[in-house]
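Subject: Structure for you to look at

Hello,

Here is the structure you asked to have passed on. Please open it and keep it beside this email while you read the notes below.

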Amino acid sequence: MLSCRSLSFHYAQKAPGETPDFSFSFTLAPSHCLAVQGPSGSGKSTLLNLLAGFLEPGGGALCWNDADLLSQPPWQRGMTTVFQEHNLFEHLPVWANIGAGLAANLKLTAGQRQQIHDGLEDVGLGGLYNRLPAELSGGQRQRVALLRALLRQPRLLLLDEPFSGLDRTNREALWALVKRQQNAGVAVLLVSHDPEDIRALADSCYQLEDGRLVAQDASKILPV
Ligand SMILES: Nc1ncnc2c1ncn2[C@@H]1O[C@H](COP(=O)(O)OP(=O)(O)OP(=O)(O)O)[C@@H](O)[C@H]1O
């Protein structure tokens with residue numbers, strides 16, 4: 001269980017009255033998906049960066065069960081993030097883009113290569129092992145990025161608008177992939193503007209208002 005209590009942050013340089021002081025509180029259980037919505041500038045990236053360890057909070061607590069995460073560097077927090085864009089290394093083929101998530105120096109074991117091969121088959125990208133990102137469609141790129149995140153076996157997946165710009169078929173394929181991870185115990189925090197993504201995946205939904213997470217009415221989240 002991820003527990004975030006009054007995790008606070010303020011930007012040192014900010015326009016008075018425009019940028020709120022942030023304080024985030026929520027819990028997220030394994031296998032659950034929590035969606036976060038909010039207009040541009042409301043603090044969605046700030047929240048993800050605090051959770052992932054790329055920003056240092058001014059105060060509050062962030063724990064996985066009883067273990068403090070704030071004292072852990074990003075790579076030891078058991079989280080991976082998938083962004084909407086700029087996910088792939090353009091000069092590396094698909095296998096290496098995924099492999100970089102398993103071994104930064106790309107010295108992969110035979111088992112890891114097999115894992116990548118099987119994972120690509122699994123997400124319908126079996127023939128694309130050696131392709132460069134420029135030779136992939138938007139949906140295929142997102143599947144590669146998601147697969148890289150999933151093969152790292154995170155306990156928490158942070159998704160930042162990962163399905164934007166994809167057609168329905170590709171979005172459904174990625175929803176299914178995320179759902180499968182949830183069923184296997186992975187907790188998911190989904191930042192999305194899209195009600196369809198939220199209805200397809202989320203168990204609970206929060207709105208970012210004035211630097212705080214405000215719970216939304218769960219009855220409004222209907223299955224797609
Ligand atoms: N480095 C920074 N210095 C000062 N203010 C910042 C900085 N980064 C973000 N902000 C401000 O903090 C607020 C939240 O920004 P953030 O990027 O978290 O919003 P967001 O909800 O992710 O927006 P978007 O949907 O446009 O990506 C905004 O008002 C933004 O201008």
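A compact globule of 224 residues would have a radius of gyration near 17 Å, and the chain has 18 Å, so the two agree. Please keep in mind that this is a predicted model. Along its principal axes, the C-alpha trace spans about 50 × 40 × 35 Å. Of the 224 residues, 31% count as buried. Among contacts with a separation of 6 or more, 68% are between residues 24 or more positions apart. The chain has six helices and 10 strands.

Next, the sheet at the start of the chain. In general, strands of a sheet pair through backbone hydrogen bonds, either parallel or antiparallel. Here four strands form an open sheet in the order E2-E1-E4-E5, with antiparallel pairing. E2 and E5 (67–68) are the edge strands, and each of them pairs on one side only. Strand E1 (residues 2–9) is joined to E2 (residues 22–28) by six bridges, and to E4 (residues 59–64) by five. Ser3 shows both pairings: its bridge partner in E2 is Thr27, and its bridge partner in E4 is Cys63. Further along, Ser8 stands opposite Ser23 in E2.

Ser6 also lies in strand E1. Is Ser6 buried or exposed? Ser6 counts as exposed, because it has 12 C-beta neighbours inside 10 Å. Its phi is near 50 degrees, a positive value in a residue other than glycine. For background, most residues other than glycine have a negative phi. Leu106 is another non-glycine residue with a positive phi, about 60 degrees. Leu106 sits in the loop between H2 and H3, and is partly exposed because 13 other C-beta atoms lie within 10 Å.

Thr109 belongs to that loop too, between helix H2 (94–99) and helix H3 (110–122). Thr109 has 10 C-beta neighbours inside 10 Å and therefore counts as exposed. Between the C-alpha atoms of Thr109 and Arg143 there are 22 Å, and the two residues are 34 apart along the chain.

What is Leu190 in contact with, leaving aside its neighbours within four places in sequence? The residues are Cys33, Ala35, Leu159, Asp197, Leu201 and Ala202.

Helix H1 (residues 44–52) has several buried residues, namely Thr46, Leu47, Leu48, Leu50 and Leu51. An α-helix has 3.6 residues a turn, so residues three or four places apart point the same way. After H1 comes Gly53, with a positive phi near 95 degrees.

Last, the ligand. Which of the 13 residues around the ligand come nearest? They are Tyr11, Ser40, Lys44, Ser45 and Thr46. The shell around the ligand divides into one nonpolar residue, nine polar and three charged.

Regards

Definitions and conventions: Residues are numbered from 1 along each chain as its sequence is written. This is a predicted model: local features need pLDDT of at least 70, side-chain atom pairs count only at pLDDT 80 or more; totals for chains, interfaces and linings use all residues. A residue is near a molecule or strand if its C-beta atom, placed from the backbone, lies within 6 Å of it. Ala, Val, Leu, Ile, Met, Phe, Trp, Tyr, Cys and Pro count as nonpolar, Asp, Glu, Lys and Arg as charged, and the others, Gly among them, as polar. Two strands pair if DSSP finds at least two bridges between them. Helices (H or I, at least four residues) and strands (E, at least two) are DSSP runs, numbered from the N terminus. The radius of gyration is taken over C-alpha atoms; the globule rule is 2.2 Å times the number of residues to the power 0.38. A residue is buried if 20 or more other C-beta atoms lie within 10 Å of its own, exposed if 12 or fewer, and partly exposed in between; C-beta atoms are placed from the backbone. Two residues are in contact if their C-beta atoms, placed from the backbone, lie within 7 Å.
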